[in-house]
Amino acid sequence: MSLLKRIGITHPIIQAPMAGTATPAMAVAVSNAGGLGSVGIGAGDAEAGRKVIRAIREGTDKPFNVNLFVHEPFVSDTARDAAWCKYLAPEFDKYGVAAPSGLRTIYGTLKTDKDMLAMLLEEKPPVVSFHFGLPPPEVTKALKNYGAVLLASATSLEEAKACEAAGVDAVVAQGYEAGGHRGIFNPNGPDDQLSTASLVSLLTKSIGVPVIAAGGIMDGAGINAYLALGAAAAQLGTAFIDTTESAAPPAHRKALKEGGQHTRLVAAISGRPARSVESNWTRLLDQIEKDGVQIAGYPNAYDLAKQLHGAASAKGDQAWGPFWAGQGAPLARQMGAAELVETLLKEMKEVSRAKL
Ligand SMILES: Cc1cc2nc3c(=O)[nH]c(=O)nc-3n(C[C@H](O)[C@H](O)[C@H](O)COP(=O)(O)O)c2cc1C
C-alpha cells in the first residue's frame with residue numbers, strides 16, 4: 001500500500017511539525033486541504049499535548065501527525081550549566097537583567113516520559129513522528145497496536161536503517177539545509193551533513209520503507225524534484241512559518257526575509273544543532289569556538305536562550321530570537337496554510353505540464 005493511502009491523505013505534502021510555530025489551526029487547514037497537518041508537542045507536557053490533539057480533532061476528521069522529541073535523557077551537569085550562564089552574563093547585563101545561575105531541564109523525552117505515552121495511547125493520534133532518535137521497542141509497539149502510522153527523522157543512512165529496524169512506516173530524510181533542529185541522533189558524533197537530494201537518493205535505494213524528503217523545499221517544483229528522486233512525499237517547514245495560522249511572532253517572520261539568506265546551524269541556542277536565521281546567536285558561534293567554552297546540554301541551554309531573548313525583547317531587541325529557518329527562508333510566502341497547499345499543488349501541475 002502506498003504511504004499516502006496508508007496515512008489516508010490525498011496529496012504528498014506534509015506540513016512539518018514545528019514545536020512553538022505549528023498550531024492546531026495550521027494542522028487543521030493542511031489536513032482539510034488533503035495534505036498531512038502536523039504539530040510538535042515535544043516541548044510541552046502530556047496535558048498540553050492532549051489539548052493540542054483535541055483542538056485539532058475539533059477542526060478536522062482527517063489524519064494528522066503529532067511529533068515527539070526522542071533525545072537521550074538529559075544528564076545533569078550543574079557546573080557546565082553554571083559556566084554557560086556565566087559566559088552569557090554580560091549579554092544579560094546589557095538589558096539590565098541578572099543572568100540565571102543555574103538552568104532547568106525544560107522538557108522531557110519520549111524515551112522516558114510515561115505520562116506522554118499514556119496520553120498518546122488514550123488520545124490515539126493517527127500519525128506519530130519521532131525526532132532526535134527512537135523510543136524503546138515497547139513504546140513503538142504500543143503505538144502501533146492502536147494503529148498509529150509511525151514516522152521518524154533521519155539525517156544519515158545509519159539512522160534511517162535504525163528507523164526501519166524499529167518498525168517505522170516511513171523515514172523523514174532531513175537534509176542539511178532543513179530549518180529548525182537537526183534530527184541527528186547523536187549531536188556529539190560525526191555528521192556527514194548530507195543535503196536533502198543526496199540523502200533522499202541514498203535512502204530510496206537503500207531502505208525498504210517509504211522516504212519523505214525534508215529540507216529546503218519551498219514550492220511545487222521542489223516537491224516534484226524529490227518525488228522524481230523517489231520520495232513518497234515532501235515535508236515542508238520553513239514554507240509554513242509565515243502562514244496566517246503560524247504562531248511565529250512578527251520578528252521571526254521579518255527575520256525570514258532580512259536574515260534568511262544567511263542561515264547557520266547553531267547549537268548555542270538549545271544545546272543541539274538547529275538551523276537559524278542570522279542573529280546574535282549565529283554571530284557568536286566563532287567566538288564560542290575561539291573561547292573554547294562548552295555550551296550547556298540540550299534542552300537546558302534553551303532555558304537560558306529563552307530568558308535572554310525575553311530580556312532583550314522586553315527592551316525591543318529581537319537579535320537573540322530563536323528564529324529557526326531552512327536555507328529556503330527568503331522564499332517563504334505569506335498566505336493561509338490551505339492556500340499554500342493549493343498553491344503548491346498548482347505549481348506541481350504547472351511544472352509537470354511544462355515538461356511535456
Ligand atoms: C520553526 C521550525 C520548528 C521545527 N520544529 C520541529 C519539531 O518540533 N519537530 C520536528 O520533528 N521537526 C521540527 N522542525 C524540522 C522540520 O520537521 C523539517 O525537518 C524542516 O522544517 C524541513 O526543512 P525546511 O524548514 O527547509 O522545510 C522544525 C523546523 C522549523 C523551521
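Glutamine 174 stands opposite alanine 214 in β8. In this predicted model, local features need pLDDT of at least 70, side-chain atom pairs count only at pLDDT 80 or more, and totals for chains, interfaces and linings use all residues. Residues are numbered from 1 along each chain as its sequence is written, and side-chain values use heavy atoms, with hydrogens and water left out.

β6 and β8 pair in the parallel sense over four bridges. Strands count as paired if DSSP finds at least two bridges between them. Strands (E, at least two residues) and helices (H or I, at least four) are DSSP runs, numbered from the N terminus. On its other pairing, β8 joins strand β9 (residues 233–236) through three bridges, again in the parallel sense. Here isoleucine 212 has alanine 233 of β9 as its bridge partner. Strand β8 (residues 211–214) is covered on both faces. Val211 and Ala213 are buried on one side, Ile212 and Ala214 on the other. Buried means under 20% relative accessible area, exposed over 50%, and partly exposed in between, with a 1.4 Å probe and protein chains only.

These strands belong to an open sheet of eight, with parallel pairing and the order β1-β9-β8-β6-β5-β4-β3-β2. β1 (13–15) and β2 (37–40) stand at the edges with a single partner strand each, so one side of each lacks a neighbour in the sheet. From one strand to the next, the twist averages 25°. Angles run from 0 to 180 degrees between N-to-C directions; axes are lines fitted to C-alpha atoms, for helices over the stretch in contact. β2 pairs with strand β3 (residues 64–69) over four bridges in the parallel sense. Glycine 40 has asparagine 67 of β3 as its bridge partner.

Helices pack on this sheet. Helix α2 (residues 24–32) lies across β1, β2 and β3, and runs at about 160° to β2. Helix α7 (residues 157–165) touches β5 (149–154) and β6 (170–174). The direction of α7 makes about 165° with that of β5. Contact means heavy atoms within 4.5 Å. In helix α9 (residues 220–228), the buried residues include Gly220, Gly222, Ile223, Asn224 and Tyr226. Glycine 230 follows α9 and has a positive phi, near 110°.

A further open sheet has three strands in the order β7-β11-β10, with antiparallel pairing. Its edge strands, β7 and β10 (264–266), each pair on one side only. β7 and strand β11 (residues 274–276) run antiparallel and are joined by two bridges. Arginine 275 in β11 is the bridge partner of glycine 180. Helix α11 (residues 280–291) lies across β10 and β11, at about 75° to β10.

Glutamine 193 sits in the loop between β7 (180–181) and α8 (196–206). The residue is partly exposed, with a relative accessible area of 41%. Leaving out residues up to four places away in sequence, glutamine 193 touches Tyr176 and Arg182. Threonine 155 is 38 residues from glutamine 193 in sequence, but the C-alpha to C-alpha distance is 7.7 Å.

The largest nonpolar core has 72 residues. Such a core is a set of buried Ala, Val, Leu, Ile, Met, Phe, Trp, Tyr and Cys residues joined through side-chain atoms within 4.5 Å. Leu120, Phe130, Leu143, Val171 and Phe240 touch the most other members of the largest core. Helix α13 (residues 337–355) gives this core its largest share, six residues. At least three residues come from each of domain 1 and domain 2. A second, separate core of 29 residues includes Tyr95, Phe132, Leu304 and Ala311. Beyond its neighbours within four places in sequence, valine 171 contacts residues including Ala152, Cys163, Leu203 and Ile212.

The domain assignment, an automatic or database one, gives domain 1 (1–73 + 108–245 + 336–356) and domain 2 (75–106 + 247–328). Their centres, taken over C-alpha atoms, are 26 Å apart. The contact takes 24 residues from domain 1 and 20 residues from domain 2.

Overall, the protein chain has 13 helices and eleven strands. Buried residues make up 56% of its 356 residues. The C-alpha trace spans about 60 × 45 × 40 Å along its principal axes. Among contacts with a separation of 6 or more, 67% join residues 24 or more positions apart.
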